[in-house]
Amino acid sequence: QLITIGVALAIFLGTLGLESVVAIPSVVEFKGRLEVFVPSTATAAVTHESITQPVKGDNSRELKVGDTVEVKSGLGVVIHFSDRGLVRLSENAVLSVDFLDNQQNSYVLNLKQGRAWANNIYTAAQFNLIANGAYLIPNYAAVDVRIDGQKTLVYANRHQVSVGFVPLDY
């Protein structure tokens, strides 16, 4: 039990370091849209309808339903939803946009590979995350999700995260 607490604490501290990797310009307004931001320390690609476009070097791009974000290198790639919610992606992470309703401030993202840290503590956005068959519903929570081969590891850092299941071929 002591080892489990130690591992959880190490993961939590690691996400704090990940959180401080990137500073988002305060002039960017994200309310009412979903956007990926790639800092100068990382490269990513966004695929929409079989067309892949690179995003790198302090650039951002609005996301649409069906888009897939693939982090090629580096840390600090952030997906913003609503006004203050975000998802940070690890290197080699792959995430798709399965549902998006900007008018209702509602989003469903699907982590297909890698690791993501999501925070919707300070936003009213309805945000759900699918990861390897697990359907996660953060309730004003911070959650760390990692797909490790056949396992999906979920750590709720703050508040409550409800978990359901969807078929793997969803």
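Select Arg61 to begin: this residue is partly exposed, because its relative accessibility is 21% and buried means under 20%. The model is predicted. Asp67 counts as buried, at 0% relative accessibility.

Next, select Glu70 and Lys72. They form a salt bridge too, with 3.4 Å between the closest N and O atoms. Glu70 is partly exposed at 33%, and Lys72 is partly exposed at 43%.

Move on to Arg115 and Asp144. Their side chains meet in a salt bridge, 2.6 Å from N to O. Arg115 sits in strand β9 (residues 106-119) and Asp144 in strand β11, 29 residues apart, so the pair links distant parts of the chain. Arg115 is partly exposed at 25%; Asp144 is buried at 2%. The whole structure has three salt bridges.

Now go inside. Select Leu34, Ile79, Val87, Leu89 and Leu109: these have the most contacts within the largest nonpolar core, which has 35 residues. Strand β11 (residues 134-148) gives the largest share of this core, six residues. A second, separate core has five residues, among them Trp117 and Ala142.

Center on Leu89. Beyond its neighbours within four places in sequence, its contacts include Val69, Ile79, Leu95 and Arg115.

Finally, zoom out and color by secondary structure. Of the 170 residues, 42% count as buried.

How values were computed: Residues are numbered from 1 along each chain as its sequence is written. This is a predicted model: local features need pLDDT of at least 70, side-chain atom pairs count only at pLDDT 80 or more; totals for chains, interfaces and linings use all residues. Side-chain values use heavy atoms; hydrogens and water are left out. A nonpolar core is a set of buried Ala, Val, Leu, Ile, Met, Phe, Trp, Tyr and Cys residues joined through side-chain atoms within 4.5 Å. Buried means under 20% relative accessible area, exposed over 50%, partly exposed in between (1.4 Å probe, protein chains only). Helices (H or I, at least four residues) and strands (E, at least two) are DSSP runs, numbered from the N terminus. Contact means heavy atoms within 4.5 Å. A salt bridge is a side-chain nitrogen of Lys or Arg within 4 Å of a carboxyl oxygen of Asp or Glu.
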